[in-house]
Amino acid sequence: MKSKEILRLAEKYGAVTAANLSELVKIKSLSGGEEEVVKKIREQMLEAGFEEVRFDGLGNVIGRIGNGKRVLAIDGHVDTVDVGNPGNWDFDPFSGEIKDGYVYGRGAVDQKGGVAAFITAGRIIRELGLAKDITLLCVGSVIEEDCDGLCWKYLVEKEGIQPDMVISTEPTNLNIYRGQRGRMEMDVIFNGLSAHGSAPERGKNAIYMASRACLEIEKLNERLKHDDFLGKGSITISQFVSGAPSLCAVADYAKIHLDRRLTWGETKEIAVEEINAIVKGTDASVVVPYYSQKGWTGLEFGMEQYYPTWLLPEDHPVIRTGVEAFTRLFDKAPVVDKWTFSTNGVTINGIYGIPVLGFGPGNEVMAHAPNEKTPISDLVAASAFYAAFAELFAKS
């Protein structure tokens with residue numbers, strides 16, 4: 001394995017990687033509005049020597065190196081959440097400033113840093129000829145923040161891209177991640193009967209119905225399943241809305257929105273049935289919403305808002321390869337862990353069964369937080385890891 005050469009080139013191009021990330025951070029790119037940033041990524045990929053770079057129908061940018069039968073994909077989403085309260089930031093969120101060994105700004109961690117790192121990895125792979133027997137696809141994916149996995153649903157079902165495995169470059173603090181809890185959203189709609197507010201006994205108040213259910217859902221959270229690795233399932237109510245003919249009337253409508261996190265062994269069917277049991281006997285319905293969004297290309301695409309749990313065994317060949325690549329590069333064993341949040345792995349592995357390994361620059365605690373920044377040393381290490389993994393993948 002060309003560990004020394006890979007590390008040397010990763011360090012040589014460290015300033016380029018940081019500069020590329022800085023350029024990406026300067027471009028605001030909320031979900032559905034990624035056109036400018038994916039076009040910049042295309043420029044960076046071509047400058048790094050990628051053999052082909054194209055956009056798919058939804059707007060994902062796909063860079064290719066090599067033409068081998070076995071396909072390794074590296075994924076990084078290019079959309080970010082918004083800034084939130086600007087007063088919580090100590091600097092301009094879109095400055096992309098490079099200072100004191102960090103790149104600063106929204107998306108530096110979540111997760112344009114991974115994209116900048118895999119572009120440099122592509123450069124290294126080209127220079128050292130590491131992709132002779134494989135096809136490497138580097139994907140800058142869109143609309144992840146609004147609907148994780150939607151981009152890969154499009155890639156698999158509409159573009160026919162089904163790699164042998166995928167590296168997710170979501171932030172892992174340079175640890176190797178092998179799974180995450182799943183999640184889903186649910187709406188519970190309560191139908192009451194309106195009556196004049198002076199005689200509430202004539203009606204059926206949907207707010208009371210929903211409130212009783214809310215208290216039972218709070219209790220449900222305490223008894224959900226626990227997994228030794230992924231942790232406990234959870235549920236919370238994130239929205240409560242109601243309606244009545246007037247403010248002098250009994251409410252005849254209420255809706256609660258649920259955020260359900262699913263540990264290993266929990267499924268959509270199980271989660272829906274738990275809520276059905278709580279609202280049984282009331283005029284209520286449980287619905288898993290459907291998300292639909294237009295990409296920057298103008299194409300509309302959607303999926304049900306169920307994002308399955310996924311987990312690879314620690315002795316899975318993909319994880320073993322990752323551990324070997326890390327150990328050879330850095331002369332120490334990696335920490336093998338999990339994400340607390342959700343990633344595109346929910347469709348890549350959770351739906352399609354394609355193995356996923358997580359490795360990314362930056363600490364996930366910075367994701368969605370103010371004062372986001374990524375160490376340049378992390379960018380260098382991630383670039384080296386992706387190239388080293390590609391070399392081992394080509395030989396396996």
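1. Helix α1 of this predicted model exposes K4, E11 and K12 on one side. The buried residues of α1, which spans residues 3-12, are S3, I6, L7, L9 and A10. Viewed down the helix axis, these buried residues fall within an arc of 165°, so they line one face of α1.

2. The largest nonpolar core holds 97 residues, among which W152, L357, F385 and Y386 touch the most other members. Helix α10 (residues 376-395) gives the most to this core, with 15 residues. Leaving aside residues up to four places away in sequence, F385 touches I176, G322, A325, F326, L329, L357 and F359. As a general point, nonpolar side chains in soluble globular proteins tend to be buried together.

3. Strand β13 (residues 253-262) has two pairings to report. With strand β9 (residues 182-191), β13 pairs in the antiparallel sense over ten bridges; in β9, M184 stands opposite R260 of β13. Strand β12 (residues 234-243) likewise pairs with β13 in the antiparallel sense, over nine bridges. Here F240 stands opposite I256 in β13.

4. On the cysteines, a search of the whole structure finds zero disulfides. C151 is in no disulfide, and the nearest cysteine sulfur, that of C147, is 8.6 Å away. A disulfide would require the two sulfur atoms to be within 2.5 Å. C151 counts as buried because its relative accessibility is 0%. C214 is also buried, with a relative accessible area of 14%.

5. The structure holds 20 salt bridges. In one of them, the side chains of K28 and D82 meet at 3.3 Å, N to O. K28 lies in the loop between α2 and α3 (35-47), and D82 in the loop between β3 (70-77) and β4 (98-99), so the pair ties together parts that are 54 residues apart in sequence. K28 is partly exposed at 43% relative accessibility, and D82 is partly exposed with a relative accessible area of 39%.

6. A further salt bridge joins the side chains of E51 and R126 (3.4 Å, N to O). Because E51 lies in the loop between α3 and β1 (52-55) and R126 in helix α4, the pair ties together parts that are 75 residues apart in sequence. E51 counts as partly exposed at 39% relative accessibility, as does R126 at 42%.

7. The side chains of D337 and K338 meet in a salt bridge of 3.4 Å, N to O. D337 is partly exposed at 25% relative accessibility, and K338 is partly exposed at 24%. Elsewhere, salt bridges that share partners join E51, E52, R64 and R126 into one network.

8. Finally, K132 is found in the loop between α4 (112-128) and β6 (134-141). K132 is exposed, with a relative accessible area of 69%. Its C-alpha atom is separated by 36 Å from that of R106, although K132 and R106 are 26 residues apart along the chain.

Note on methods
Residues are numbered from 1 along each chain as its sequence is written. This is a predicted model: local features need pLDDT of at least 70, side-chain atom pairs count only at pLDDT 80 or more; totals for chains, interfaces and linings use all residues. Side-chain values use heavy atoms; hydrogens and water are left out. Helices (H or I, at least four residues) and strands (E, at least two) are DSSP runs, numbered from the N terminus. Buried means under 20% relative accessible area, exposed over 50%, partly exposed in between (1.4 Å probe, protein chains only). Two strands pair if DSSP finds at least two bridges between them. A nonpolar core is a set of buried Ala, Val, Leu, Ile, Met, Phe, Trp, Tyr and Cys residues joined through side-chain atoms within 4.5 Å. Contact means heavy atoms within 4.5 Å. The arc is that of the directions from the helix axis to the C-beta atoms. A salt bridge is a side-chain nitrogen of Lys or Arg within 4 Å of a carboxyl oxygen of Asp or Glu.
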